[in-house]
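User: I'd like to learn how to read a structure like this one, feature by feature. Could you walk me through it, giving the general idea before each case?

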Amino acid sequence: MIFFNQVNKTYPAYLAKKEKVVLENVSFKIEKGEFVCVVGRSGAGKTTLFKILLGEEKPTSGAVLFDGKDVHKVSPREACKIRRRIGMVFQDYKLLQSKTVYENIAYAMEVTGATDQEVEKYVPEILETVGLVEQAFHFPHQISEGEKQRTAIARALIHEPDVILADEPTGDLDPYNKKDILELLTGLNQSGATVVLATHDKETVNNLGKRVITLKDGKVAGDSKKGRFVL
Ligand SMILES: Nc1ncnc2c1ncn2[C@@H]1O[C@H](COP(=O)(O)OP(=O)(O)OP(=O)(O)O)[C@@H](O)[C@H]1O
Ligand SMILES: [Mg+2]
């Protein structure tokens, strides 16, 4: 379903003397229905990997295929279709502060062309799925970190995505909230979604016992089923 084929990504030098090599010959395949952890230290290139898959950044060389289609070579229309099949949970949530939890989700639907009826039907369902019915009319400053993370996940679910990319979703959470978020992601995976979880949280990865792709110095340093975080 997802195929990174010899992907290289280099950022230009800017102020530094040398250009920055972020990904080097990164290759892996992820099949439909898998739950995969992508691990590596801060700066290892996890978020960059997601941005490349979403088409927000171009690889310097190599290709990324989604269901056999090169996400950087397809028509804008096709790219948009692929983008809708991927739900991204951003590392910094990207919630709109002046909108409630409900409105944050509704707004994401509206800007991609959903009708009022669709919004009214689907938002309550998503709120139920992520356990935020009680907080629906709270603003981001009135909810906890765990609830913000849930809102970010809710927003990623609006197009019933085939793939969920979760970028460090347990970063700022206490152990209880962490467990809840992981259960939510595991549940979504059991319902059929392919989940890719980027994290530098060792404990989370080791407790999950899922496939682990390890990035180190821009390269894939390990890829193992039921893997452990060993860096
Ligand atoms: N637009 C950019 N221009 C230049 N360098 C960048 C850019 N985006 C990221 N980088 C650099 O690329 C490297 C990888 O960044 P990335 O955000 O992918 O890391 P990460 O693994 O997600 O880290 P973290 O765990 O802290 O989120 C970092 O050294 C970062 O400074
Ligand atoms: Mg990151």
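Predicted model: local features only at pLDDT ≥ 70, side-chain atom pairs only at ≥ 80, totals over all residues.

User: What do the words buried and exposed stand for, and how are helices named?

Analyst: A residue is buried if 20 or more other C-beta atoms lie within 10 Å of its own, exposed if 12 or fewer, and partly exposed in between, with C-beta atoms placed from the backbone. Helices (H or I, at least four residues) and strands (E, at least two) are DSSP runs, numbered from the N terminus.

User: Which residues of α6 are buried, then?

Analyst: In α6 the buried ones are Lys 178, Ile 181, Leu 182, Leu 185 and Leu 188. They lie on the same side of α6, because they cover an arc of only 120 degrees around the axis; the arc is that of the directions from the helix axis to the C-beta atoms.

User: What covers the buried residues of α6?

Analyst: Contact is the idea here: two residues are in contact if their C-beta atoms, placed from the backbone, lie within 7 Å. The cover includes helices α5 (145-156) and α7 (202-208), together with strands β7 (163-167) and β8 (194-199).

User: How many Å should helix α6 span?

Analyst: The expected span of a helix is 1.5 Å times one less than its number of residues. For the 16 residues of α6 (residues 175-190) that gives 22 Å, and the end C-alpha atoms are 22 Å apart, which agrees. After α6 comes Gly 192, with a positive phi near 120 degrees.

User: Which residues other than glycine have a positive phi?

Analyst: Asn 25 is one of them, with phi near 50 degrees. Asn 25 sits in strand β2 and counts as partly exposed, with 14 C-beta neighbours inside 10 Å. Lys 94 is another case, its phi being near 55 degrees. Lys 94 belongs to the loop between β6 (86-89) and α3 (101-111), and is exposed, with 12 other C-beta atoms within 10 Å.

User: Let's turn to the ligand. Which residues are closest to ligand 1?

Analyst: A residue is near a molecule or strand if its C-beta atom, placed from the backbone, lies within 6 Å of it. Here 14 residues surround ligand 1, and the closest are Tyr 11, Ser 42, Lys 46, Thr 47 and Thr 48. The elements giving two or more residues to this shell are β2 (20-30) and α1 (46-54), and α1 gives the most, with three.

User: What classes of residue make up that shell?

Analyst: Ala, Val, Leu, Ile, Met, Phe, Trp, Tyr, Cys and Pro count as nonpolar, Asp, Glu, Lys and Arg as charged, and the others, Gly among them, as polar. By that scheme the shell around ligand 1 holds three nonpolar, eight polar and three charged residues.

User: How many residues of α1 are buried?

Analyst: Seven of its nine residues are buried, so α1 is mostly covered. Among them are Lys 46, Thr 47 and Thr 48. Just after α1, Gly 55 takes a positive phi of about 85 degrees.

User: Which members of the largest nonpolar core touch the most others?

Analyst: A nonpolar core is a set of buried Ala, Val, Leu, Ile, Met, Phe, Trp, Tyr and Cys residues joined through C-beta atoms within 7 Å. The largest has 58 residues, and Val 38, Ile 105, Ile 164, Leu 165, Val 195 and Val 196 touch the most other members. Leaving aside neighbours within four places in sequence, Val 196 is in contact with Ile 30, Val 36, Val 38, Val 163 and Leu 165.

User: Is Ile 213 buried or exposed?

Analyst: Ile 213, in strand β9 (residues 211-216), is buried, with 23 other C-beta atoms within 10 Å. Apart from neighbours within four places in sequence, Ile 213 is in contact with Phe 28, Val 36, Val 38, Val 220 and Asp 223.

Note on methods:
Residues numbered from 1 in each chain as written. Chains lettered and ligands numbered in written order.
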